[in-house]
Amino acid sequence: MKKKQNNIRVSFVDEPAAMDVTGSMVYVKTDTHNILIDAGLHQSNSKYDDFLVNKRRFKEFKPKDIDYIFVDHSHQDHLGIIPRLYKEGCSAKIIVAENNKQIMCRMLQDSAFIIDRDVELINNQHGKNYEPLYTIDDVETSIRHMSEYPVMEKVVVDETLAFKLIPNGHLPGSVQVLLYLKQNNVEKTLLVTGDIGNSKVHNYYVNKFTPIDHADLVIGESTYGDRPDLKTGQKERNNDIEKLFSIITQQVCEMHGQVIIPTFANHRLQFLTTMIYQVMKDYDFPYKVYIDTPLGIDIFNEYRKILSGDELELFDEVLNWDNLVFVRDAESSKALVHSNEPCVILSTSGMCNNGRIRHHLKKAVPNPNATVLFVGFSTPGSLAALLKDKNVKSISIDNKQYTCRCASFSLKSLSGHAPFYQLLDYYSSINTNRIVLHHGSEKAKLTLKEKLTSELEKKCKSTRVIIANSSLKISL
């Protein structure tokens, strides 16, 4: 008698997050549904290479055949390729957690603007005639297919598919995606963790991380899988709060210089602004804190709509702080760049590869009376990573060389990712047959696999730990 085929298959469709910390996408195929969990942009330090990766054709599916797209949070490496799919004929329903749609819409609109600008630069530099990956019209098409769902409720789609969105503590509204997949009257569960936040310290405006105890297959992030040395507990957070206060008071109040903080527009910016408010509000601090990013300002406005209770009360205090100044239009931003006013400036992007921050750095980097303050992880090779490196004596910004004379510091405890030992504790606590380590460098996955396998053995568990790669295919 012929053995009945297992018809639930999970693969990584040549997606970059199988190999590194970018471009997340997991493809799930059943007899009844074609599902994507995330559809992120590949982001590195080369606009041209990124463009070529992001315009690729997917080998294992056609966009028009996808039924559902689950997005676990609103960062571009998890949702930024979605409009491209709709440009190519996708009509899938996009499922996100509550209070995400408008923020995702604004993130994708900004992405369309950057993509249009980048492809013009690529065409000029390489003598090509590429079209943008997608346009604002493609963004609007994809947003019309997006629906929000409550967290911690099992939602039944049909007799073969259900899902639950479970907070993972990374961003406001960020979730783990738990799929219930039924084939031949047998239900299997698949958990994709997304980016897990640090559950040991308080992070403003994020839902509390909620662990689950069982899934047949777990696909887990491994961003800090090679950093058992990185400590991001409450002690380190307290030290960073003191460090933040010291840097601002010394650089701005005493030296009458500027503190420049590269940041991400979604959550990191709002988190940092709140932290600065908390440490400076009771201090005689007559200087301004400038928020120089239109996208970040729009997301501030969205947070005002989605927060409630004590968090909304705190957020309103921050917004009403007399020292806080929002800089939206380009002319005001240019004036701020040329100003010598003692102040704090937060601007995007966090890796310093795009955005207004580059103009601030052109002035700050060669200035011995300026401080550049970094927060969290920086992709190797990015401008942010180069500026962090004390051995780098000069850097290139927009094809011009700048000698590094500014001070440079990092606040490491403010990373939005769970540190090594939290990943280890969580993954080893889940009752599962297999864990696929995903969304991390090869070194991170290898290091975490070795330690996780040992931890599972100590707990007498037979869970198999697998390292994701772009050709991996798994039957569930």
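Me: As I understand it, a pocket is an open set of points on a 1 Å grid over the protein atoms alone, where a 1.4 Å probe fits and protein lies on both sides within 12 Å along at least five of seven lines. What volume does the second largest pocket have?

Reply: About 370 Å³. Volume is the space filled by probe spheres set on the points, which are joined across faces, edges and corners. Before we go on, this is a predicted model, where local features need pLDDT of at least 70 and side-chain atom pairs count only at pLDDT 80 or more, while totals for chains, interfaces and linings use all residues. Residues are numbered from 1 along each chain as its sequence is written, and side-chain values use heavy atoms, with hydrogens and water left out.

Me: Which residues lie nearest the centre of that pocket?

Reply: Arg227, Gly376, Ser378, Ala385 and Lys388, out of 14 lining residues (lining means an atom within 4 Å of a point). The largest share, three residues, comes from helix α12 (residues 383-388). Helices here are DSSP runs of H or I with at least four residues, strands are E runs of at least two, and both are numbered from the N terminus.

Me: And by class, what's in the lining?

Reply: Six nonpolar, four polar and four charged. Asp, Glu, Lys and Arg count as charged, Ala, Val, Leu, Ile, Met, Phe, Trp, Tyr, Cys and Pro as nonpolar, and the others, Gly among them, as polar.

Me: Switching to His417. Buried or exposed?

Reply: Buried, at 12% relative accessible area. The cut-offs are under 20% for buried, over 50% for exposed and partly exposed in between (1.4 Å probe, protein chains only). His417 sits in the loop between β19 (407-411) and α13 (420-429).

Me: What does His417 touch?

Reply: Leaving out residues up to four places away in sequence, His170, Asp195, Ile196, Gly197, Asn198, Glu221, Thr223 and Tyr224; contact means heavy atoms within 4.5 Å. With Thr223 there is also a side-chain polar contact of 3.3 Å. That term covers N or O pairs within 3.5 Å; within protein, one atom must be able to donate a hydrogen and the other to accept it, and residues adjacent in sequence count only if both atoms are side-chain atoms.

Me: How about Asn54, what does its side chain reach?

Reply: The backbone nitrogen of His42, at 2.8 Å. Asn54 is in helix α1 (residues 47-54) and is buried at 5% relative accessible area. Beyond four places in sequence, its contacts are Leu41, His42, Ile81, Arg84 and Leu133.

Me: How many residues of α7 are buried?

Reply: Twelve of the 13, so α7 is largely enclosed by the rest of the structure. The buried ones include Arg268, Phe271 and Tyr277. Helix α7 (residues 268-280) reaches 18 Å from first C-alpha to last, close to the 18 Å expected at 1.5 Å a residue (1.5 Å times one less than the number of residues).

Me: Then which peptide bond is cis?

Reply: The one from Thr348 to Ser349, with omega near 15°. Ser349 is in the loop between β15 (343-347) and α11 (357-364).
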